[in-house]
Amino acid sequence: MTSASLQGKTVAFLVAQEGVEEVELREPWQAVEDAGGTPRLLAPQSGEVQAFNHLDKSSTYPVDEPLDDADPDSYAALVLPGGVANPDQLRTDERAIEFVRAIFSAGKPVGVICHGPWTLVEADVVRGRKLTSWPSLKTDIRNAGGEWVDEQLVVDEGLVSSRKPDDLPVFCTKIVEEFAEGRHQVAPHAGAAETRPGGGSASSSRSTSSRLDPRLGRSRSARRGSRR
């Protein structure tokens, strides 16, 4: 567990109206809250978003702010969860693309996991950056000018990326550390991924996991349970 504090920082979680992989939303959200930060759910429309467990519908979550009202300047960092349908919809929404570009242009830290980098490819912000993802995005990332690697965790000047839900423990720890550090100056050339002493990449074999508790009082399923 990291001791970094996100007190006073608001973190945007940007997802489509449906299709986000629930665990990739819930665990980073909990990590931000545990560090004292304020996570907020952004989506194209107001109302709720439908989360999925792989291909099966799961809980719904209320949107804190629709994209029409979202101001990138109000957020210290951005998280892009995965789920196949989620970024596939987001990358067709120009408001989402402009929000992502604004975050990157300001040098703010970003956490992205699994299929999430599809939105980054559409925003043309992976050029010259090193990152990882679900393997099926490898060609898309390389075609967009990024350096794709198959590693549990990659950190490139504030851009934190991981491949899949199994990587969430190290992903959650690292995004909190990077978000606490704040803005980064992004070089115009290819960024170098963070390395450990001795030349290893910034990956970890720690098996501790973030809590899997849903956002109490926020999901529809949680609300139903509270009435019993």
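**Close-up views of a predicted model**

**View 1. Strands β7 and β8 lie side by side in the parallel sense, joined by three bridges.** Helices (H or I, at least four residues) and strands (E, at least two) are DSSP runs, numbered from the N terminus, and two strands pair if DSSP finds at least two bridges between them. The model is predicted; local features need pLDDT of at least 70 and side-chain atom pairs count only at pLDDT 80 or more, whereas totals for chains, interfaces and linings use all residues. Residues are numbered from 1 along each chain as its sequence is written, and side-chain values use heavy atoms, with hydrogens and water left out. Buried here means under 20% relative accessible area, exposed over 50%, and partly exposed in between (1.4 Å probe, protein chains only).

**View 2. Seven strands form an open sheet with mixed pairing.** The order of the strands is β6-β3-β1-β7-β8-β12-β11. β6 (65-66) and β11 stand at the edges; each has a single partner strand, so one side of each lacks a neighbour in the sheet. Helix α1 packs on this sheet and touches β1, β3, β7 and β8, its direction making about 145 degrees with that of β3. Helix α6 lies across β1, β7, β8, β11 and β12 and runs at about 165 degrees to β8. The axes are lines fitted to C-alpha atoms, for helices over the stretch in contact (heavy atoms within 4.5 Å). The angles run from 0 to 180 degrees between N-to-C directions.

**View 3. Strand β12 (residues 159-162) is covered on both faces.** L159 and S161 are buried on one side, and V160 and S162 are buried on the other. β12 runs parallel to β8 (residues 110-113), to which four bridges join it, and V110 has L159 as its bridge partner. With β11 (residues 154-156), β12 pairs in the antiparallel sense over three bridges, and V155 stands opposite V160. The hairpin of β11 and β12 has two residues between the strands, and E157 there takes a positive phi near 50 degrees.

**View 4. A further open sheet holds three strands in the order β2-β4-β5.** Its pairing is mixed, and its edge strands, β2 (18-21) and β5 (56-62), each pair on one side only. Neighbouring strands of this sheet are turned by 40 degrees against each other on average, direction ignored. β4 and β5 run antiparallel and are joined by five bridges; N53 stands opposite D56 of β5. α1 lies across β2, β4 and β5, running at about 55 degrees to β2.

**View 5. The largest nonpolar core has 31 residues.** V11, F13, L25, L41, V49, I175 and F179 have the most contacts inside it. Two or more residues of this core come from each of β1 (10-14), α1 (22-34), β3 (38-43), β4 (48-53), β7 (77-80) and α6 (168-181). α6 gives the largest share, seven residues. A second, separate core of 29 residues includes A12, W118, L120 and V126. A nonpolar core is a set of buried Ala, Val, Leu, Ile, Met, Phe, Trp, Tyr and Cys residues joined through side-chain atoms within 4.5 Å. In soluble globular proteins, nonpolar side chains tend to be buried together.

View 6. The model contains zero disulfides, a disulfide being a pair of cysteine sulfur atoms within 2.5 Å.

**View 7. Residues 189-228 have pLDDT under 50 throughout.** The pLDDT is the predictor's confidence in each residue, from 0 to 100. For residues 189-228 the model has 74 contacts beyond four places in sequence. Where pLDDT is low, the predicted coordinates should not be read in detail. The chain averages a pLDDT of 86, and 80% of the residues score at least 70.
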